[in-house]
Amino acid sequence: MFKKFIPYIISVAISLGIGGLSAFLTKDSMPIYSAINRPALSPPGELFPIVWSVLFVLMGISAGIVWCSNGRKLDSALLFYGAQLVFNFCWTLIFFNFREYFAAFIWLLILLVLIGITMIKFFRIKKIAGWLLIPYFAWVSFAGYLNYMVWMLNR
């Protein structure tokens with residue numbers, strides 16, 4: 001019985017691990033983020049770790065569903081999933097550590113494309129796996145607005 005949950009546990013652990021490492025590597029940048037000019041719709045800083053934790057769990061479950069599915073589309077879908085995880089991780093460093101807001105915005109646009117492709121591929125394998133990525137896509141879209149506005153307000 002427990003064996004069938006192993007792919008989900010591994011997948012969620014990978015997702016949360018990448019998010020956790022990203023948070024660890026940018027933890028010293030939060031005071032800087034608080035000090036820069038931010039758009040009016042910026043959520044409080046305390047909200048970000050909560051939202052991202054939920055999103056990383058949903059992403060991990062989604063990837064676990066795909067991993068447990070049969071089919072030849074599986075490898076391509078998980079390859080795009082992995083690519084978007086890498087882009088997600090790097091965006092955090094570009095934005096927070098390097099404070100390259102324009103580069104981060106361009107990087108985030110590429111991330112959105114990768115998430116969109118991943119969602120489509122996941123939908124084709126198991127619809128629920130695609131649906132679980134919609135909150136992630138929505139949040140990263142909102143992050144795109146925030147990133148763009150931070151760039152514009154801090155040039």
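Modeller: One begins with what counts as a helix: a DSSP run of H or I with at least four residues, numbered from the N terminus. The model shown here is predicted. In it, Leu146 lies in helix α7.

Biologist: Is Leu146 buried or exposed?

Modeller: The cut-off for buried is under 20% relative accessible area. Leu146 has a relative accessible area of 6%, and is therefore buried. Beyond four places in sequence, Leu146 touches Pro39, Leu41, Ser42, Pro43 and Phe48. Of these, Phe48 belongs to the α3 side of a contact in which Leu146 is one of the α7 residues.

Biologist: How do α3 and α7 pack, and what is the hand of their crossing?

Modeller: Two helices are compared through their fitted axes, with the angle taken between N-to-C directions. Helix α3 (residues 47–67) and helix α7 (residues 134–153) pack at about 145 degrees, and their axes are 9 Å apart. The crossing of α3 past α7 is left-handed. On the α3 side are Leu47, Phe48, Val51, Trp52, Leu55, Leu58 and Met59, which meet Pro135, Tyr136, Trp139, Val140 and Leu146 of α7. The residues of this contact are 12 nonpolar, with no polar and no charged ones.

Biologist: What are the angle, axis separation and hand for α1 and α3?

Modeller: Helix α1 (residues 6–26) packs with α3 at an angle of about 145 degrees, with the axes 8 Å apart. The crossing of α1 and α3 is right-handed. From α1, the contact uses Pro7, Tyr8, Ile10, Ser11, Val12, Ser15, Leu16 and Gly19; the α3 residues include Ser53, Phe56, Met59, Gly60, Ala63 and Gly64. By class, the contact of α1 with α3 has 12 nonpolar, six polar and no charged residues.

Biologist: Which elements cover the buried residues of α3?

Modeller: The cover includes α1, α2 (30–35), α4, α5 (101–125), α6 (127–131) and α7. Among the buried residues of α3 are Phe48, Trp52, Met59, Ser62 and Val66. Ser62 has 0% relative accessibility and so counts as buried. A polar atom of the Ser62 side chain lies 2.5 Å from the backbone oxygen of Ala129.

Biologist: How does one check the length of a helix, and what does α4 show?

Modeller: The expected span is 1.5 Å times one less than the number of residues. Helix α4 (residues 74–97) has 24 residues and should therefore span 34 Å; its end C-alpha atoms are 34 Å apart, in agreement. For α3, the 21 residues reach 30 Å from first C-alpha to last, close to the 30 Å expected. Just after α4, Arg99 takes a positive phi of about 50 degrees.

Biologist: Which residues does Phe89 contact beyond its neighbours in sequence?

Modeller: Phe89 is found in α4, and its relative accessibility is 18%, so Phe89 counts as buried. Leaving aside neighbours within four places in sequence, its contacts are Ile18, Leu21, Ser22 and Leu25. Phe89 and Ser22 are 67 residues apart along the chain, with their C-alpha atoms separated by 5.8 Å. For Leu146 and Leu21, 125 residues apart along the chain, the C-alpha separation is 22 Å.

Notes
Residues are numbered from 1 along each chain as its sequence is written. This is a predicted model: local features need pLDDT of at least 70, side-chain atom pairs count only at pLDDT 80 or more; totals for chains, interfaces and linings use all residues. Side-chain values use heavy atoms; hydrogens and water are left out. Axes are lines fitted to C-alpha atoms, for helices over the stretch in contact, and angles run from 0 to 180 degrees between N-to-C directions. Helices (H or I, at least four residues) and strands (E, at least two) are DSSP runs, numbered from the N terminus. A crossing is left-handed if the near helix is turned anticlockwise from the far one by less than a right angle, and right-handed if clockwise. Contact means heavy atoms within 4.5 Å. Ala, Val, Leu, Ile, Met, Phe, Trp, Tyr, Cys and Pro count as nonpolar, Asp, Glu, Lys and Arg as charged, and the others, Gly among them, as polar. Buried means under 20% relative accessible area, exposed over 50%, partly exposed in between (1.4 Å probe, protein chains only). A polar contact is a pair of N or O atoms within 3.5 Å; within protein, one must be able to donate a hydrogen and the other to accept it, and residues adjacent in sequence count only if both atoms are side-chain atoms.
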